[in-house]
Structures are given as C-alpha cells and as structure tokens.
Amino acid sequence: MAGNRNALAQFGVGIRAVVVLTVLLGVIYPLVMTGVAQVLFHGNANGSMIQVAGKDVGSDLIGQAYTKQAVKDGKPEVDADGAPVMVADPLWFQTRPSAVDYDGAGSAASQFGPNNADLLAAVQERRKAVADLEGVNPSQVPPDAVTASGSGLDPQISPAYAALQVNRVARERGLDVARVKQLVEDNTKGRTIGFLGEPTVNVVTLNRDLAALN
C-alpha cells in the first residue's frame with residue numbers, strides 16, 4: 001500500500017509540474033514575448049508589411065515580380081496551355097530572378113552549378129532580356145540581374161542594377177531622372193555595420209515610394 005501511495009504521489013507531482021510548466025512556458029511566456037514584440041518591434045513582429053494607399057501590398061523582406069501580360073498582334077498573349085505570358089512591366093524597377101517566383105511559401109535556389117548547361121542558357125536569356133528592356137549592351141547588365149539569390153525571395157538588388165533601370169523608369173513614367181535617382185538613393189542600404197556584405201537597394205520599398213509619386 002505504501003508503495004502505491006508513493007507512486008500516486010509521484011504521479012501527482014508529475015501532473016502538477018506539467019500543468020505549471022505548460023501555463024508558464026506555453027501561455028504566459030509566449031504572451032509576454034508577443035506583447036514585448038508588439039510594443040518595441042511592432043513592424044517587424046507583424047511581418048514588416050508595406051502599405052500603399054492604406055492597403056498591405058507586401059513585405060520588405062520578400063521580393064515581388066513586377067510584370068504585365070504580353071501583347072501580341074494587339075491581343076493579350078497566352079502560351080500553349082492558355083496561361084498568360086508575362087513580361088517585365090517597364091513602369092517598375094525589376095527584381096532579380098527567383099527560383100520560386102517569389103512565392104513566400106517556399107525558399108530555394110536552383111541548385112545548379114556554375115557549369116550547368118541549363119543555368120548558363122538561362123543566364124544568357126536573362127541577360128538579353130534585361131539588355132533589351134533597358135536599351136543597353138548585354139555587357140552592361142550586372143550579375144544580380146541574371147542570377148537568383150540563395151533564398152529566391154530576397155527583395156534587394158545591387159545599386160548598379162538599380163542605376164541601370166533609372167532612365168527607363170523615368171521615361172516610362174514621365175518623371176525627372178534626378179527624382180528617380182533620389183528614390184534609389186533613399187532606398188539604398190549600406191554594408192551591415194559598415195563592412196559586412198555590399199550595399200543593396202530594396203526594390204519593394206523603392207517601388208512603393210515610386211507609386212506614391214503618381
């Protein structure tokens with residue numbers, strides 16, 4: 001009988017410990033951390049959302065594709081399966097390629113090596129497309145315009161790629177080139193703590209500011 005009572009007592013202690021720890025670590029701690037995050041880091045805690053005209057249009061952590069449906073012979077172009085053929089919209093700054101089409105549900109690179117024939121062909125095709133869009137020689141197209149980031153979701157491009165697009169965006173929107181250049185500068189972030197990485201331009205926030213001009 002004594003052994004049974006000891007076992008029941010230990011079982012009771014275990015149950016109480018589970019209940020107490022569940023309340024502390026599963027309820028109180030998450031609520032406290034959520035409250036602190038909402039007070040001190042509200043924007044980050046809610047996904048770093050970007051708003052245009054009071055509506056959420058994206059996150060400054062995830063890139064977007066700025067495209068429109070191609071038109072051929074005066075009609076919207078579709079592929080063999082009837083899906084719309086999408087091309088870069090010249091009204092917007094363009095991001096770098098994405099292996100996952102900037103789908104936030106997934107994050108991945110192509111996993112192709114530098115000598116992969118499919119990757120080399122894709123790079124050449126992208127280089128020609130960018131050169132045609134910007135009206136420049138293919139040799140002027142920077143590497144990040146033709147290669148995806150490791151995550152496939154990054155919204156940043158190099159200042160060189162942003163600068164390449166300034167004249168086209170200004171022309172298509174009827175804006176002063178100097179004004180568009182200033183937008184690029186305003187959305188350029190320097191090296192992390194002054195020496196890590198390279199300067200970058202966030203295309204999502206840049207296009208948000210661009211939209212605010214019209």
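Is E134 buried or exposed?

1. The model under discussion is a predicted one. In it, E134 has a relative accessibility of 9% and therefore counts as buried, since the term applies under 20% relative accessible area.

2. The side chain of E134 forms a salt bridge with that of R168, at 2.6 Å from N to O. This pair joins distant parts of the chain: E134 belongs to helix α3 (residues 117-134), R168 belongs to helix α4 (residues 159-173), and 34 residues separate the two. R168 is likewise buried, because its relative accessible area is 1%.

3. How many salt bridges does a search of the whole structure find? The search finds four, and the pair of E134 and R168 is one of them. Two others are taken up in the next points.

4. A salt bridge also connects the side chains of E198 and R191, with an N to O distance of 3.0 Å. E198 has a relative accessible area of 54% and is therefore exposed, the limit for that term being over 50%. R191, at 38% relative accessibility, counts as partly exposed.

5. The side chains of D209 and R208 meet in a salt bridge as well, at 3.0 Å from N to O. D209 is partly exposed, with 21% relative accessible area; R208 is also partly exposed, its value being 29%.

6. What is the setting of N207? This residue lies in helix α6, which covers residues 203-211. Its relative accessibility is 2%, so N207 counts as buried.

7. Which residues does N207 touch, when those up to four places away in sequence are not counted? They are Y66, W92 and F93. With F93 there is a further detail to note: the side chain of N207 reaches the backbone oxygen of F93 at 3.0 Å.

8. Attention may finally be given to the strands. Strand β1 (residues 49-52) pairs with strand β2 (residues 55-59) in the antiparallel sense, and the pairing extends over four bridges. Within this pairing, M49 stands opposite S59 of β2. The hairpin of β1 and β2 has two residues between the strands, and A53 adopts a positive phi near 55 degrees there.

How values were computed: Residues are numbered from 1 along each chain as its sequence is written. This is a predicted model: local features need pLDDT of at least 70, side-chain atom pairs count only at pLDDT 80 or more; totals for chains, interfaces and linings use all residues. Side-chain values use heavy atoms; hydrogens and water are left out. Two strands pair if DSSP finds at least two bridges between them. Buried means under 20% relative accessible area, exposed over 50%, partly exposed in between (1.4 Å probe, protein chains only). A polar contact is a pair of N or O atoms within 3.5 Å; within protein, one must be able to donate a hydrogen and the other to accept it, and residues adjacent in sequence count only if both atoms are side-chain atoms. Contact means heavy atoms within 4.5 Å.
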